[in-house]
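Reader: I am new to this. Please pick one part of the structure and take me through it slowly, then show me what lies around it.

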Amino acid sequence: MTGSYARRYAHLVTMPTTVPAYGNEAAERLAPMADVTASDAALRRFLHGLPGVDAVGLQARAATLGTRSIKTTAKAYAIDLAISMIDLTTLEGADTPGKVRALCAKGVHPDPTDQTVPQVAAICVYPDMVATAKAALAGSGIHVASVATAFPAGRAALPVKLADTRDAVAAGADEIDMVIDRGAFLSGRYMSVFEEIKAVKEACRRADGTAAHLKVIFETGELQTYDNVRRVSWLAMLAGADFIKTSTGKVSVNATPPVTLLMLEAVRDFAAATGVQVGVKPAGGIRTTKDAIKYLVMVNETAGDAWMTPDWFRFGASSLLNDLLMQRQKLSTGRYSGPDYVTVD
Amino acid sequence: MSDARLSVLKTYKLFVGGKFPRSESGRVYEVTDSQGKWLANAPLASRKDARDAVVAARKAFGGWSGATAYNRGQVLYRVAEMLEGRREQFVAEVADAEGRSGKKSDTAKAAAQVDAAIDRWVWYAGWSDKIAQIAGSANPVAGPYFNLSTPEPTGVVAVLAPQESSFLGLVSVLAPVIVTGNTAVVVASEKSPLPALSLAEVLATSDVPGGVVNVLSGRTGELVGPLAAHQDVNAIDLAGAYGELHGELAVAAEKAAADNLKRVLRPAEVDWAAAPGTDRMLSFLETKTVWHPIGI
């Protein structure tokens, strides 16, 4: 009796909690939004009905948040948190099993001289390296993330993209980083982008009913405007993205603080509107501890505490880890460290 | 309208990575001549400026050490040419720093110092492609091998410039470090840093790649600690820690430097006017020995 009463009036009261986008309840929460994704016209109306972005205000806000001074114990906390949020990435044509294994070893013990350093969140590789990474990380609890769907350009037919995704999942990937079809998005075919994300999300399902988490890469450097970033964020979240990610790291403009701030605002607003929590992953171009801390400040001030964990915020990076380790050594020993004291990847 | 021009005073700045930044800390200190008359404000560098300078020096090391010795010699000779062109400015600055501005005998002394400094720079420039011949060797070994030892630069060298000889002393410690392919972070004389900061302008305009020489001004006592303890500094020249004032400083610096086995050049009494010899160059070299089979 009370159950049906609660259900009947659920839409009138504030949602008590948010649920994770990868959970089973997420679909239920998204159901009320079904009408905006019912047709191409409805989706277009909705996305174009989102408020425009105040570009100057956004940049100023991002710049202001970048001026916070984080020192001593707070800095130590931020460094450890940032290390635990890293998706340690190698996406080179020249990747070998040996290189992937070395990277995995580094992910487990980022600083072999200091066992108190936390491990990273995930190792991000190409699909053919998933099995190697999975074996190297067995028992560590570190996830294996795999890019898929014809990364980085996304220029392939849908069946190819889905096969790419299924291969990676079958090889043991815990997370799939897909790229959207920027050409379709920029030419206004929103529904085709939406359907593609849904199809890939479906392909992430495993036989046992669980699913690999889906990160959707926008390649914001190619989307031209902040308005587009806001639209594509909502589009991906409506389609069921578990994470939204800025860039592939393969174009000249990668993650920037304003774009990440905009995406953080989008996940915050999405959680408020639907009760579904989606993660954010800036990737590419984040190389220094100072940058990483700026992003963490932004997360805390925009999305809030609930996002300050590796489950909901990630850094797609490779060289960032070394800088974090050097800063950590400086904090613990009092003397400046150098590149001779971290690994060359 | 009056005929008097408003004087255009120079803002002395640090020299880090080929750029002229103010101190990260925003601090400056007053520089006076020997009589206490104000000359200029110099930046008061902080440990973070020292850190930035080391990063810049490390970044420049690959290119500078990889340049041919002949090329390095030419670049350094070019520095001497530029110094010659700015001779009057350096004479005035050295006279101010070490004597009384405007006094004739002090100016003559300063001129002699500047001339000696330029000559020394040329002398060191010539050593760039000759040092391997006196510090390297072909070693006789019992086997069908060529066995060759060659000197290589040690890396990033922190240099505390002499406190008293603000220009000749500075050139005498800086030139031998960079001629062999090291990169340098120089802490200028605390009391009279202006000639060093002006030398940076010369370096910036004479083909020396940015970051090969980085000049900091400020409290020697404040900067030596972070530099001596820095894990990415390969050697330290403590010339500027000589004398009663800095005796304890040198001991502390040596202890900190031992942590990553830096090469340390201990402070000693040096007559900067005397012929320098090759000691300072040889202090910041590593020997690489290669075995190569003799093809028959």
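Author: B:Ser172 is buried, with a relative accessible area of 2%. Buried means under 20% relative accessible area, exposed means over 50%, and partly exposed lies in between (1.4 Å probe, protein chains only). This is a predicted model, in which local features need pLDDT of at least 70, side-chain atom pairs count only at pLDDT 80 or more, and totals for chains, interfaces and linings use all residues. Residues are numbered from 1 along each chain as its sequence is written, chains are lettered from A and ligands numbered from 1 in the order in which they are written, and side-chain values use heavy atoms, with hydrogens and water left out.

B:Ser172 sits in helix 6 of chain B. Helices (H or I, at least four residues) and strands (E, at least two) are DSSP runs, numbered from the N terminus. The side chain of B:Ser172 reaches the backbone oxygen of B:Leu168 at 2.6 Å. That is a polar contact: a pair of N or O atoms within 3.5 Å; within protein, one must be able to donate a hydrogen and the other to accept it, and residues adjacent in sequence count only if both atoms are side-chain atoms. Leaving aside residues up to four places away in sequence, B:Ser172 touches B:Arg120, B:Tyr124, B:Trp272 and B:Arg280. Contact here means heavy atoms within 4.5 Å.

Now the strands. On one side lie B:Val156, B:Ala158 and B:Leu160. On the other lie B:Val157 and B:Val159. Both faces are covered. Strand 5 of chain B runs parallel to strand 6 (residues 183–187) of chain B, and 5 bridges join them. Two strands pair if DSSP finds at least two bridges between them. B:Ala158 has B:Val185 of strand 6 of chain B as its bridge partner. From strand 5 of chain B, the chain crosses through helix 6 (residues 168–179) of chain B to strand 6 of chain B, and this β-α-β crossover is right-handed. Right-handed means that, with the strands pointing away from the viewer, the path from the first strand over the helix to the second runs clockwise.

Strand 5 of chain B has another partner. Strand 8 (residues 235–237) of chain B pairs with strand 5 of chain B in the parallel sense, over 3 bridges. There, B:Val157 has B:Ala235 as its bridge partner.

Next, charged pairs in chain B. Side chains of opposite charge can pair when their charged atoms come close. A salt bridge is a side-chain nitrogen of Lys or Arg within 4 Å of a carboxyl oxygen of Asp or Glu. B:Asp115 forms one with B:Arg87, and their closest N and O atoms are 2.6 Å apart. This pair links distant parts of the chain: B:Asp115 is in helix 4 (residues 104–127) of chain B, B:Arg87 is in helix 3 (residues 87–98) of chain B, and they are 28 residues apart. B:Asp115 is partly exposed, at 30% relative accessible area.

B:Glu152 and B:Lys288 also meet in a salt bridge (3.0 Å, N to O). B:Glu152 belongs to strand 4 (residues 145–153) of chain B and B:Lys288 to strand 10 (residues 285–293) of chain B, 136 residues apart. B:Glu152 counts as partly exposed at 31% relative accessibility. B:Lys288 is partly exposed too, with 39%.
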